[in-house]
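Me: I would like to learn how to read some features of a model from its coordinates. Please take them one at a time, general idea before the case.

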Amino acid sequence: MTAQAALAVCSFILALIAAVTLSTLSVALARYASAADPIFLARDRRALKLLKDWLSPEQLACYERYSFFDVIGSDTGTRFRIHHGTQTNIEELGSNGRLVCKWCFGPDGNLAAGDVMLTQKIALETNERAALAVANRSYARPDRGAFHR
Amino acid sequence: MATQIVMDRTGDTRHTFDANNLAAVAKAERRFMELTGAGFTAATRTGPGEQRVIRSFDPTAEETLFYPRLVGG
């Protein structure tokens, strides 16, 4: 009876491990497939080209070197740093250049990173208050160096 | 030729039109109204790295960009 119970437990654990492994593999495969999809690659390239066309020379130079660029908020003059990405990729910087908090907003829909960053730039540079009104904010935690909402 | 650039899941879709062609301009204006009515924001470039948001159709704008409404992430 004890041996049967042990066998059952072992079988269950093995089945669980197999299921988790298969699930992880399928997610990784799906991600790889979408990243290598020529349609997605073309979309990303087109969006990045559009972004670069609309950046100032200084912003473009910064983005190509560091994968981020700075914008100045139209209403408060606050400096924001937009990092390459689509989510929680905007840092608000204080007058000393230090991180104050992070912001997350973007265009509705599943758009490429270039399109998202261009939308964030235009929104902050032309109507900062309206953009931040819809955004989610994350605060810095000096004790841990992490963020929370 | 003027261009209307609409951000979408393909990156963007571009519509070019001759600003001297009245029918083409009317069609572009209809597109502008439809997109802004659907929540898109329209912006034109005013200089290197500079832009302004426009609320009404500008037939003289060489390039008008439309992006979807903003949402919190």
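Me: Is Glu64(A) buried or exposed?
Reply: Start with the cut-offs: buried is under 20% relative accessible area, exposed is over 50%, and partly exposed lies in between (1.4 Å probe, protein chains only). Glu64(A) has a relative accessible area of 54%, so Glu64(A) is exposed. This is a predicted model: local features need pLDDT of at least 70, side-chain atom pairs count only at pLDDT 80 or more, and totals for chains, interfaces and linings use all residues. Residues are numbered from 1 along each chain as its sequence is written, chains are lettered from A and ligands numbered from 1 in the order in which they are written, and side-chain values use heavy atoms, with hydrogens and water left out.

Me: Which side chain meets Glu64(A) in a salt bridge?
Reply: A salt bridge needs a side-chain nitrogen of Lys or Arg within 4 Å of a carboxyl oxygen of Asp or Glu. Here the partner is Lys52(A), at 3.4 Å, N to O. Elements are DSSP runs numbered from the N terminus: helices are H or I with at least four residues, strands E with at least two. Lys52(A) sits in helix α2 and Glu64(A) in helix α3 (residues 57-66), twelve residues apart, and the pair links distant parts of the chain. Lys52(A) has 30% relative accessible area, so Lys52(A) is partly exposed.

Me: How many salt bridges are there over all chains?
Reply: The rule gives nine. Between chain B and chain A the count is zero. In chain B, Arg45(B) and Glu63(B) meet at 2.7 Å, N to O. That pair also links distant parts of its chain, 18 residues apart: Arg45(B) is in strand β3 (residues 41-47), Glu63(B) in strand β5. Shared partners join Asp70(A), Arg79(A) and Arg81(A) into one network. Within it, the closest N and O atoms of Arg79(A) and Asp70(A) are 3.2 Å apart. Asp70(A) is buried, at 17%. Arg79(A) is partly exposed, at 39%.

Me: What makes up the largest nonpolar core?
Reply: A nonpolar core is a set of buried Ala, Val, Leu, Ile, Met, Phe, Trp, Tyr and Cys residues joined through side-chain atoms within 4.5 Å. The largest has 29 residues; Phe69(A), Phe105(A), Leu118(A), Leu124(A) and Leu65(B) touch the most other members. Elements supplying at least two residues each include α2 (38-54) and α4 (113-126) of chain A and β5 (63-67) of chain B. α4(A) gives the most, with seven residues. Another core, of twelve residues, lies apart from it, with Phe32(B) and Ile54(B) among them.

Me: What about the interface?
Reply: Contact means heavy atoms within 4.5 Å. By that rule, 26 residues of chain B are in contact with 29 residues of chain A. Buried area is the accessible area (1.4 Å probe) that two parts lose on being put together, summed over both. For chain B and chain A, this is about 2300 Å², 60% of it on carbon and sulfur atoms. Gln51(B), Leu70(B) and Gly73(B) supply 25% of the area that chain B buries against chain A, more than any other three residues.

Me: Which elements does chain A have?
Reply: Five helices and six strands. From the N terminus, they run α-α-α-β-β-β-β-α-α-β-β. Buried residues make up 33% of the 149 residues in chain A.
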